[in-house]
Amino acid sequence: MTKKFSLTVGPLQFNWSADAFSDFYARIADEAPVDRVVIGETVCSKRTPFYEDRIPAAIERLQSGGKTVVLGSLAMVTLEREKRAARELFEQTALEVEINDLTLMNWARPPFSIGPLINVYNEATLAYLAGQGAKMFCLPPEAPFASVEKLAAAAGECGAEVELWAYGRIPLAISSRCYHARVHGLSKDSCQFVCDKDPDGLTVRTLDGADFLAVNGVQTMSHNTCNLIGDLDRLAAAGVRSLRLSPHTGDFVAVTKAFADVASGAISGDEGLTRLRATAPEAEFSNGFLFGACGAAELTPA
Amino acid sequence: MSARKLELVCPAGTPAAFRAAIDAGAHTVYCGFNDETNARNFPGLNFSRDELGASIAHAHKKGAHTLVAINTFPRAGAVGFWHKAVDDAARLGADAVILADIGLLDYASKKHPNLRLHLSVQAAAANSDAIAFYARAFGVKRVVLPRVLTVQEIAAINRDIEIETEVFIFGGLCVMAEGRCSLSSYATGKSPNMNGACSPASHVEYREEDGELVSRLGGFAIHRVGASEPAPYPTLCKGCFEAGDYKGHVFEDPSSLDAAALIPQLAEAGVTALKIEGRQRSRSYTESVVRNFRKAVDDYAAGRPVVAGALRDLTEGQTTTAGSYRKTWR
């Protein structure tokens, strides 16, 4: 049967050790049934020096594993060295680039991708960027399903495709202030890289004790884990062609396999959900931004 | 030697506040239509077409400018509604429109080539290359800088770009890069980007529990204070939470921005205009803040010392911060 979805492994959002980074991409390269892998630091440029020498080998291994490799850009560019790195992303590689900050539009070389941190909320914005050479749009995770349907149709008219954030804690905000440093009583400039203590983000609870958000350095994320595995039929009907799976600790290859099996029709969405509940027993799954009253809403069945 | 004259850009949520701002000395007033096209879409606030037309005419008579904020991101399938807002602002004589969405900038630059375009803080253009893109692609003439930059970074940006910069000087403080924050829609379904509303009153609840007053947003406890204390409004990023062993204001204290003391440094950094936040505030607040800041920019332009701190009583929670302008805030 025809394949309904392309699967993308999104950029690692967390501060993992260089060895954990290498091991993760080696497993994805060798074992994960995915089509594209976006690699690169999107959250904090201070983390890059710890693992950037591992990136070339990771790219090579992913390509040997048959994956299309895309370089992801930093979400918020303010420093001179970040501006330089943004420019070099296009100048120093032939790989496709995923833009997460419009700074990169200065050097964008078609075809490029638009990441989930770019505000593409309507067909006019999508058409403008497609006109500049954007071919794949990972939509903002807060976009409701009604918008997704219209954006997918608009992308089709432009010869582009839309992707949705389908698995993982959702990036909700970015700041120049580092919250990991702040909760550890440190300043950002002498942060001691404490975000490495929380390889899936640090949960923020309300004073009622309810799990609410998660901090990941300068990024604030959802506490819950977005999971659209039960929604693939309605996403396919809406014209969504690609699903983004965002890396977490644990058996992430199993996550990619569950999505691949549901996407191919080998198992049902319910079976896929059951498998993911076993793979990530701690995670609270949600599809609230797309189908619920708010992003924090509990998973609502299709 | 007299220093450079800074433009004071002041908020107006109602026609009465608009007139008060002009009377108090605003060089420029910014406002929006009473719908979801602007980022302060609160009940009872903002301008009808007729009100805006009359206000712009009044401003022009007094030698002041009017900027119309159309700075939410148009909803898919409904961009025509935002196009009409731009068309109407142009027709009513706005001196500029403040936009954030790429598609809307593209529309405005093509449809109204003589309409001056300002880039909203909601676009989060945080470096000179990003700003250059908007200037080149859409002819943007001024950028409102995101509240993530230090004074030194602002100076460096002004050295590198050819368009004007406007910075926030006083009022509510977003701790996140604006236009890139979905915290409110995560808790309530209503977002600044899509609906022009952050932590909307429709989702707020105050309740007394065990001798404490709890304020909630979308069911999530944001503040918990003694029953006799004033309960702060549950703006999500100013709330009290727990993370690991930390208990307190994880994101930001309930403070507001007051960078009056930095007026000389911001002027030397090449800033063109100073912006006061607060379209949702009362007419008397607007009048008082505008009067004080007009005196401050006049004092600076005349080479007199700038007196800061005169507005402490008007700030949320009575504490203020210079925010990201000082590097230690990070």
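Good morning. I begin with helix α5 of chain B, residues 128-138, in which Ser128(B), Asp129(B), Ala130(B), Ile131(B), Phe133(B), Tyr134(B) and Phe138(B) are buried. Please keep in mind that the model is predicted. What do the buried residues of α5(B) pack against? In chain A they meet α3 (80-91) and α4 (123-131). In chain B they meet α4 (102-111), β5 (117-119), β6 (142-144) and α6 (151-160).

At the start of α5(B), a side-chain oxygen of Asn127(B) comes within 2.8 Å of the backbone nitrogen of Asp129(B). After the helix comes Gly139(B), with a positive phi near 70°.

Ala124(B) is located between β5 and α5 of chain B. Its phi is positive, about 55°, although Ala124(B) is not a glycine. Most residues other than glycine have a negative phi. Is Ala124(B) buried or exposed? With a relative accessible area of 7%, Ala124(B) is buried.

A further residue of chain B, Val79(B), belongs to helix α3, residues 79-91. Val79(B) has a relative accessibility of 15%; the limit for a buried residue is under 20%, so Val79(B) counts as buried. Apart from neighbours within four places in sequence, Val79(B) is in contact with Asn122(A), Glu123(A) and Ala124(A), and also with Pro74(B). Val79(B) and Gly103(B) are separated by 24 residues in sequence, and their C-alpha atoms are 8.8 Å apart in space.

I turn now to the division of chain B into domains. Domain 1 is made of 7-173 + 255-329, while domain 2 covers 183-248. How far apart are the centres of domain 1 and domain 2 of chain B? Taken over C-alpha atoms, the separation is 27 Å. Across the boundary in chain B, 12 residues of domain 1 are in contact with 7 residues of domain 2. The two domains of chain B bury about 670 Å² between them, and 38% of that area is on carbon and sulfur atoms.

Next, a sheet in chain B. This is an open sheet of 3 strands, in the order β8-β9-β10, and the pairing is antiparallel. Strands β8 (204-209) and β10 (220-226) of chain B are at the edges and have a single partner strand each, so one side of each has no neighbour in the sheet. On average, neighbouring strands of this sheet are turned by 25° against each other, direction ignored. Strand β9 of chain B, residues 212-217, pairs with β10(B) over 6 bridges in the antiparallel sense.

Asp210(B) is not a glycine, yet its phi is positive, about 50°. Is Asp210(B) buried or exposed? Its relative accessibility is 77%, so Asp210(B) counts as exposed.

Let us move to chain A and its strand β7, residues 161-174. In β7(A), 13 of the 14 residues are buried, so the strand is largely enclosed by the rest of the structure. Which strands pair with β7(A)? Strand β6 of chain A, residues 134-138, runs parallel to β7(A) and is joined to it by 3 bridges. Here Met136(A) has Glu161(A) in β7(A) as its bridge partner. Strand β11 of chain A, residues 242-245, also pairs with β7(A) in the parallel sense, over 4 bridges, and Tyr167(A) has Leu245(A) in β11(A) as its bridge partner. The pairing of β7(A) with β10(A) is antiparallel, over 6 bridges, with Pro171(A) opposite Met221(A) in β10(A).

Strand β10 of chain A, residues 219-227, also contains Ser222(A). Ser222(A) has a relative accessible area of 0% and is buried. A polar atom of the Ser222(A) side chain lies 2.7 Å from the backbone oxygen of Asn224(A). Beyond neighbours within four places in sequence, the contacts of Ser222(A) include Arg169(A), Ile170(A), Phe212(A) and, from chain B, Tyr186(B).

I close with a peptide bond in chain A. From Pro110(A) to Pro111(A) the bond is cis, with omega near -10°. Most peptide bonds are trans. Pro111(A) is found in the loop between β4 (96-99) and β5 (112-114) of chain A. Thank you for your attention.

Notes
Residues numbered from 1 in each chain as written. Chains lettered and ligands numbered in written order. Predicted model: local features only at pLDDT ≥ 70, side-chain atom pairs only at ≥ 80, totals over all residues. Heavy atoms only, no water. Helix = DSSP H or I, 4+ residues; strand = E, 2+ residues; numbered from the N terminus. Buried < 20%, exposed > 50% of the residue type's maximum accessible area, 1.4 Å probe, protein only. Polar contact = N/O pair within 3.5 Å; in protein donor to acceptor, adjacent residues only side chain to side chain. Contact = heavy atoms within 4.5 Å. Pairing = 2+ DSSP bridges. Axes fitted to C-alpha atoms, helices over the stretch in contact; angles between N-to-C directions. Domains from an automatic or database assignment. Buried area = accessible area lost by both parts, 1.4 Å probe.
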